[in-house]
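Welcome! Have a look at the structure below, and then try the exercises that come with it.

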Amino acid sequence: MGHVFRTQEQEMAVDGLRRFLAAEIDPVFSREYRDRFVPRERMGAIMRQLSEYGLVSGVVSEAHGGMGLDWLTSLMLYEEVATTSCDLSVPVLINSFGAVLLEKAAPAHLRERYLPGLLRGESFVSVGISEPDVGSNVLEIKTRARRDGDHYVINGEKTWISNGEYSDFLICTCRTSDDPRRGLTHFLLDRKEHPYEVRGIHKIGLNSQSTSQIFLSDVRVPASNMIGDEGDGLKNTLSLFERSRVFVAAMGLGIARRALEEAVRYAKERRQHGKVIAGHQLIAAMLAEMATNVDAARLLTYRAAEMIEAGVPAEMEAAMAKYFACEAAVTIARQAVQIHGGNGVTTEFLVEKLAREAIVAPIPEGTTQMQQLIIGRALTGVGAF
Ligand SMILES: Cc1cc2nc3c(=O)[nH]c(=O)nc-3n(C[C@H](O)[C@H](O)[C@H](O)COP(=O)(O)OP(=O)(O)OC[C@H]3O[C@@H](n4cnc5c(N)ncnc54)[C@H](O)[C@@H]3O)c2cc1C
C-alpha cells in the first residue's frame with residue numbers, strides 16, 4: 001500500500017521501523033498495557049528507541065541536533081507508529097511539535113536547554129492551548145500572564161493537555177493583553193522550577209497515554225522564558241496547526257489502516273455458510289470500500305505533507321486531510337467491528353479498541369466542523385468565524 005510513492009531510502013526507513021514496532025511495541029500497547037496507563041519510565045524508554053528511527057528527531061534540522069528529514073518521510077514514519085498504536089502516536093506528535101516550536105521560535109538559551117532532551121526521547125513537553133471554556137476558538141484564551149518586573153505571573157487552567165502527566169515542561173499559550181489578534185504569548189514553564197499542577201483525565205480510549213488538566217496558580221516565570229515575541233502566540237499557533245493537522249490526519253489514517261488489516265485477516269479466517277466470510281460478496285464490498293477510503297486518506301495526507309515541504313500554503317489541503325482521514329477512521333473502524341461480528345465488541349480483538357480510539361480522532365487539532373469551515377472559507381473567501 002502506497003509503495004509507489006516511496007523512494008528506496010524511505011522504503012528502508014519505513015520497513016526498519018515497521019519491523020521494530022511489530023516485534024517490540026505492538027505487544028506493549030495491544031496486550032500488556034491495553035487501556036492501562038503506561039508509566040513515564042516505560043514511555044520514556046520507548047521514546048528513546050523511536051528517536052533512533054527518526055521519530056521526533058526527524059522534524060528538526062541537523063543544525064539544531066535533529067535528523068532533518070523531509071516532511072513526507074517524517075509523516076510516513078509517523079503513520080507506522082499510529083498504525084501500531086494510536087496511544088503512542090500522541091506523545092510522538094506532541095514532542096515533535098513542541099520541538100518544532102522550540103526550533104522555530106524559542107530564544108537560543110531555551111532551545112539549547114530543552115530541545116536536545118526532546119530529540120533524544122529523554123524529556124516530554126506539553127503544549128497548552130485549550131481551556132475549559134476555550135476549544136475551537138483559541139482567540140478566547142483566558143489564562144493570564146501578568147508582567148511583574150522581570151517576571152510574568154501566570155494564572156489559569158488548561159484542559160485536554162496531552163503528555164501532561166509525563167511533562168518536564170509546558171509551552172503555555174497565555175493572554176498578555178486584550179488585543180484580539182496580538183494578545184496571546186507563549187511561555188515555557190519548567191515543571192520543577194515553575195510548578196504547575198497536573199490531573200489526568202480518563203477517556204473513552206487512549207488511556208495508555210496522558211491527557212490532563214493543568215492548573216496554574218501564581219506561577220512566576222522569568223520574562224526570558226517567553227517563546228517568540230510578546231503577542232506572537234496566535235501567529236505561531238496557527239502556523240504550527242497547518243503541520244500538526246497533517247500529522248493528526250496520519251493518526252486517523254493509522255487507525256483506519258490497522259482496522260482494515262485486522263478485518264482482512266479475520267475475513268480470511270472466519271467461516272460461515274460453508275466458506276470463509278471473505279468469500280461473501282457483501283463482506284468483499286465492505287473491505288473494498290474500507291481499502292479505497294484508506295488510500296484516499298493517505299493520498300490527501302501525503303499531498304498536504306508534500307505541499308508543506310515545498311513551502312506552498314496548504315491550509316485547505318491540511319484541513320481536507322485531517323477532516324477526511326479522521327472521519328474515515330470512525331467509519332472504517334466500525335466496519336471492522338461489523339466484519340468481526342460478536343467478536344468485534346469483545347476485548348479479545350483489537351478492533352474494539354480501534355473503534356473507541358477512532359471516535360476521538362475527529363476532535364483534537366481542530367474538530368471536523370472547524371476543518372469544514374476552513375475549507376469553506378478557502379473556497380468562497382467568506383469566513384464563518
Ligand atoms: C485526546 C485529546 C488530546 C488533546 N490534546 C490537546 C493538547 O495537547 N493541547 C491542547 O491545547 N488541546 C488539546 N486537546 C483539545 C482539543 O484541541 C479540543 O478538544 C478541540 O479543539 C475542540 O475543543 P472543545 O473540546 O472545547 O470543543 P468545542 O469547541 O466546545 O466544540 C464543541 C462542538 O461544537 C462544534 N463547534 C464549535 N465551534 C463551531 C462553529 N463555529 N461552527 C460549527 N461548529 C462549531 C465543534 O466542532 C464540536 O462539535 C485535545 C483533545 C483531545 C480529545
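Predicted model: local features only at pLDDT ≥ 70, side-chain atom pairs only at ≥ 80, totals over all residues.

**Exercise 1.** Find out which residues surround the ligand and which of its atoms have polar partners in the protein.

*Solution.* 
Step 1: Start with the shell. The ligand is surrounded by 18 residues, and S130, S136, W160, T367 and Q369 are the closest.

Step 2: Sort the shell by class. There are 10 nonpolar residues, seven polar ones and one charged one.

Step 3: Look at nitrogen atoms of the ligand. One lies 2.7 Å from an N or O atom in the side chain of S130.

Step 4: On its own the ligand has 970 Å² of accessible area, and the protein covers 65% of it.

Step 5: Two or more residues each come from β1 (125-128), β3 (151-162) and α10 (368-380).

**Exercise 2.** Is E103 buried or exposed, and what does its side chain touch?

*Solution.* 
Step 1: Locate the residue. E103 sits in helix α4, which spans residues 86-105.

Step 2: Apply the cut-off. E103 counts as buried because its relative accessibility is 10%, and buried means under 20%.

Step 3: List its partners. Beyond neighbours within four places in sequence, E103 contacts V59, V60, S61, H64, R111 and L115.

Step 4: Pick out the polar contact. The side chains of E103 and S61 make one at 2.5 Å.

Conventions: Residues numbered from 1 in each chain as written. Heavy atoms only, no water. Near = heavy atom within 4 Å. Polar contact = N/O pair within 3.5 Å; in protein donor to acceptor, adjacent residues only side chain to side chain. Areas by Shrake-Rupley, 256 points an atom, 1.4 Å probe, with all protein chains shown as cover. Helix = DSSP H or I, 4+ residues; strand = E, 2+ residues; numbered from the N terminus. Nonpolar A, V, L, I, M, F, W, Y, C, P; charged D, E, K, R; others polar. Buried < 20%, exposed > 50% of the residue type's maximum accessible area, 1.4 Å probe, protein only. Contact = heavy atoms within 4.5 Å.
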